[in-house]
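Have a look at the structure before reading on.

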Amino acid sequence: MSELIIKNAAVCDPINGINCEKMDLAVKDGKIVENVSSGADVIDAGGRLTMAGAIDGHTHCAGKINLGRLMSPHDMRMNPVPGLSGLQEPTPYTRAQSGYNTPNTFALGYRYSKLGYTTLSEAAISMLSARHTHEEFESIPILDKWGLTLFGNNWHVMNYVRDEQPEKLAAYIAWGLKASRGFGVKVVNPGGGEAWGWGKNVTSLDDVVADFDVTPRQILMGLAEANEALRLPHSIHVHCNNLGKPGNYETTLETMKLMEGVKTTRDRQALHLAHLQFHSYGGNSWREFESATPQITDYINGADHLTFDMGQVIFGPAMTMTADGPLEYSNARMLHAKWSNKDVELEDGAGVVPIEYSPKSFVNAVQWAIGLELALMVEDPWKVMFTTDSPNGGSFVNYPEAFALLMSAKKRQQIIESLPNLAVDRMVLPGIDRELDFYELAVMTRGIQSKMFSMNNIGHLGVGADADIAVYDIIPDQIDPGTEHEKLKKAFSATSCTIKSGNVVVRDGEIVATPAGRTYWVNASGCVSNDVNEAAMKDIKNNFRRYYTVGIANYMVEDEYLPHPVEITTEVN
Amino acid sequence: MKVITDVVCPFCGSLCDDLTVKVEDNVITDIQRACILGHNKIAGVCLHERIESPMIRKDGELVEVTYEEAIEKAADILANSKRTLSYGWASTSCEAVSKAIQLAEETGSLIDSTANVCHGPTVLAVHEKGSPAASLGQVKNRADLVVFWGCNPVHAHPRHMSRYSTYARGFFTKKGRKARNIAVVDVRETDTSKLADKYVQVDPGCDYMLLNAIRSVINENEDVIPAQVAGIPKEEIIELATMLKEARFSCIFYGMGTTQSRSKYKNGDAVSSLLYDLNQYSKSVMIPMRGHYNVTGFGQVANWETGYPNAIDFNRRLAYYNPGETGASDVLLRGEVDSAIIAAADPGAHFAQEAVRCLAKVPMIQIDPYHNATTELADVVIPAAVVGVETEGTAYRMDSIPLRMKKLIDTTFKSDEEIVTDLIEKVREIKGGA
C-alpha cells in the first residue's frame, strides 16, 4: 500500500470551499484520505499553491488531430514555448517528443502533466472511427481521458427526431455511446454536417435539413431530451450553428434560449456551449465585425441552465479541427489555406485547416479579446470553463499565458495598446478591470469540470477524491499576479510536482514516471427498456445492412481498445 | 467445424469485412465472399509453403535455429549497428507497427513503410495542400460520379466497385451503377476503363497538365487551354470538367498511376487543388487507392507516435523527417545503412537494383510468414504468424477507418508484435550489459 503526505500545501480547492489555506494532504492507494501512517513518503510543498489536477474539458487530443499532424510536418519542429514544444529527445522516462499545435501522443501526455493537468475530455469521437480515438488515448501516457460522441448529424438521430420517437432516439444514443465507448453527447453544427454531404450548410435554427425534413432546433431539442432521459453525467455539449460568422451571436442566443425548457435529470446544467468565443460575433459582415460579448453575457448572467467554455485565441499559428465540415471549407477558402475534409457516412463530417492569429489583423485581435471578455464579464465563475479549444484557438501549452491575462488587467492593457485602433474600437475588453484570483482560476480549470461532467472523484481534493494533485512554485501571498506575469507564467508552465492517482509523475518540471491513464465511458443501457431497445436495434441493423460499409459486428469498439477502462453506468431512478 | 462471420480480409486497402470462413481441425476449409486475391491470401496460410523455422545464415546457408537464438542474433545485429534501416510494416497490425517504432527509437534506426515506393507522394501532397476526403460510405450512398485516375480496381481492388463505388447501392443511389457515371483516366485501356462511361487516355507522365487544364475549366478559364493537353482534345477536357461540375457528389480515386509517374506528389497536389476549387460548385472528394491492407495504419500510428507518417530517422534520437533524404530508398541508394530489419514487405523484389545491392551487403533481419526474394539476402529469418488469419490486430482501410482483424486459426508462429517485443527486450539487455 503506497502512502504519501504533502505537507505545508497552500490548498486552493473551490469544490470544498478551501481558498489557499495551509494544510497537509494525505494520499493512500491513489486516493485522498484523512490521514496516513508515519511511514508515508513526505513531500514538503513549502507553502506552495496546490490544486487538484486540472481537467481540460474541451480539447482535441485524439482522432482528427492525427490529420492535423499529417498536414503539418513543419509543426513538429516549431518551438515557440521552450520546454513545452518542438522536438525533444527521449529520456530514461520519456519517449521522443515532437510538435507544437499537433504534438505526438507522448508529448501530449508529458506536457499536459507538466501544466498540472491530469484529465482530458476529447471534444469529438466520430463513431465509425472510434477505435482510432481509443488507440490514441491509450498512447497518451499518464492522463485519464474520455471522449464525447458526435450525434448532431446522424441519420438515426434525424429520423427519430422527425418521426417523434424519443424513446428510440434515447435507445440509439445509449447504443452509440456503447459502440464508440463515449462519455457524452456532442452536437456540432446540427444539420449542417448532413447538408455538407452535398456541399451545403444550414444557416439558422429553422432551416430544414434536405432529405431528412428536420431543423437544427428539433435536433437540438431531441438530443437534449434524450440526454436527460438517459441521465447522462454530462449535458449535451453543443457547437452551435454559424460558428465563426459575423452576427452569429443571435443564433447562439436562440440556442441558449431554446434550452431553457429542458428539464434536467441530474444536478448539472442542461446545456454546455463549446468555445463560445467563436459564437459571440456581432456585425453583419467582416467589415462590421465586432464583439457581441455584452449581448451574450447579459443573457448568461441571468440564466442558470448552462455552462460554456471560452475558446480563447492565442496569437500565433494554430490548427483548426472540427466536425463542422462546411465551416472548415469556408475557412480554407477565406484564408487561402490548405484544406482537409473527412465526411463520415451516416454520421458527421470533419475538417482540418491551419490558421495564424495575428495581432495585426483586426478580426483576430477582436477574437482574442472576446474570449477574455466572456470569462471576465460573466459574474459567476461556475459557469465558465477555461479552454482554448486546443489547438483551434491555440495550443494548450499556452494556457499559462492565458491564465496570466485573466489575472492581470495590466498585462491585458499592454497587449491592447499594441493592437490596431480599429480592433480596440470593436471590443469591450479595455473597460474591464476585473482580475481573477487563484480561487476563480481553480474553479474554471478544476471545479466546474467536476460538476458539469458529474465527476465527483476528480477536480477537487476532498477525502475520497482521486489523488490527482498539482503543486505550483507559487507562494500565494507572496506574488502579485497583477504585475508579476513572467513569474506566474513560469510557475504554471512547469509544476513543482504533479501527482496522478497517487504517483508522482512530474518533479521540478521534469517527467519522472509515466503510468498509463484510464479511459472513462458511459453505459446508459440501464435507462432503456428492452422492448424499445429491440425496436431500435431493428432500425440500426437495417441501416447497417443497406447503407454502412462496415458490418455492425465490426463497428462496436472491442474491450481490447480500452485496457484501462472505467465504466460509468446510469440507471432510472 | 467452426464458422466465423464478419471476417476482415487482410489483403488490400479495401479491407472488406463481410467474409465468412469455415475452419475444420484448425484448417481453413471454406472462404465466402472474398475476391480471388483475398481468397488466396487467407487460404494460402494453410496451402502455401511457409518459412517453417527461424533461421540464421551460417557459411552462406540459412540454418534452422530456435526463436530464442534468432532473436538473440537479431538483437545483436541491432545493438551493434550505427545506422539500421527498419522497413516494411505495411502488411501487419498497428500494434506491431507501434512496437516497431519503439524499437527504431531505442536503436536510433530509420523506419519507413512501403509507402516509400507507393503512396508516399500522396503524403507529400497532403503536406502541401491537404486531403479533402470522405469515408467510402459517402461514395456508396451519394456519389453520382466516380473517377478512377491511374488505378485499376478490377484487378487491384476487386470488390471495391461492388462494395463502395461503381455498383454500390446506397441511400441516394438506390439504382447502383445506373445511379452514377464512371470516368477513368489512365495511360492505357484497362479492364476498369472498359466499364467506364467516359474513358480519357492521358499521355504517360502528363497527368499534372490534364488536372490543371480541368481546373482551369472549373474556374471558367477555358480560354487559356490550348487545343490539346496531355494528348486530350480541349472538347474532351471540357466534357470531363463539366461532368465534375454538374455532379452532385463526385469522388476521385487515384492510384500509383498518379503517385509514381512523372510529377509524383505534384499530381496529388493538383487533384487536391482541383477539389479546392470544384467544391465551390459541387461536392467532391478524393480517396487514395491504398494497396497493402494496413499501409494506411502504418501512417496513422507513426503520425501519432512520432509526429511523422513515414521516413522517420531516429539517428539523432529525436524524430527527424525529410523524405528524399530519409526514405528507405534514399538511404539505401546512398549506401548509408549498416544493417536492416525488414518486416512484412519484399524490397528484395521491389526496390531498385542499386538499393538491393546495398541491402545485400549489410546484415539483414527478415520477419515474414513467407519465403520471398528478400529471404535470399537475409542473415536472420524470423517466421511470423499471418495477421488477420493467425493473429488479431488493428488495420486501417484506405479511407482511414480502423477495423479489428480476427484470429481464425491457431498457430505456433509468433506474431510480429511478439517478435518485436522480444527484440526490444533483448536489445535492452545487450545495451544495458555493455
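Let's begin with a pair in chain A: Lys28(A) has Lys31(A) in S3(A) as its bridge partner. This is a predicted model, where local features need pLDDT of at least 70 and side-chain atom pairs count only at pLDDT 80 or more, while totals for chains, interfaces and linings use all residues. As for bookkeeping, residues are numbered from 1 along each chain as its sequence is written, chains are lettered from A and ligands numbered from 1 in the order in which they are written, and side-chain values use heavy atoms, with hydrogens and water left out.

Three bridges hold S2(A) and strand S3 (residues 31-33) of chain A in the antiparallel sense. Strands here are DSSP runs (E, at least two residues), helices are runs of H or I with at least four, and both are numbered from the N terminus; two strands pair if DSSP finds at least two bridges between them.

On its other pairing, strand S2 (residues 18-28) of chain A joins strand S1 (residues 3-13) of chain A over eight bridges, again antiparallel. Ala9(A) has Met23(A) as its bridge partner there. Four residues sit between the strands of this hairpin, and Gly17(A) takes a positive phi near 70°.

## Two sheets in chain B

Chain B has an open, antiparallel sheet of three strands in the order S1-S2-S3. Its edges are strand S1 (2-7) and strand S3 (27-32), each pairing on one side only. Neighbouring strands are turned by 25° against each other on average, direction ignored. Five bridges link strand S2 (residues 19-24) of chain B to S3(B), and Val23(B) stands opposite Ile28(B). Helix H1 (residues 36-47) of chain B packs on this sheet, touching S2 and S3 of chain B, and its direction makes about 170° with that of S3(B). For such angles, axes are lines fitted to C-alpha atoms (for helices, over the stretch in contact), and values run from 0 to 180 degrees between N-to-C directions.

Another open sheet in chain B has five strands, parallel, in the order S11-S10-S9-S14-S15. Strand S11 (198-201) and strand S15 (283-288) are the edges, and the twist averages 15° from one strand to the next. Strand S9 (residues 145-149) of chain B and strand S10 (residues 181-186) of chain B share five bridges, with Leu145(B) partnered by Asn181(B). Helix H8 (residues 207-218) of chain B packs on the sheet, its direction about 155° from that of S9(B).

## Where the chains meet

How many residues does each chain bring to the contact? Chain B gives 67 and chain A gives 57, counting heavy atoms within 4.5 Å as contact. The buried area is about 5,400 Å², with 51% from carbon and sulfur atoms; that is the accessible area (1.4 Å probe) lost on putting the two parts together, summed over both.

There are five salt bridges between the chains, each a side-chain nitrogen of Lys or Arg within 4 Å of a carboxyl oxygen of Asp or Glu. One of them joins Glu89(A) and Arg317(B) at 2.9 Å, N to O. Helix H5 (residues 136-142) of chain B gives the most to its chain's side, with six residues.
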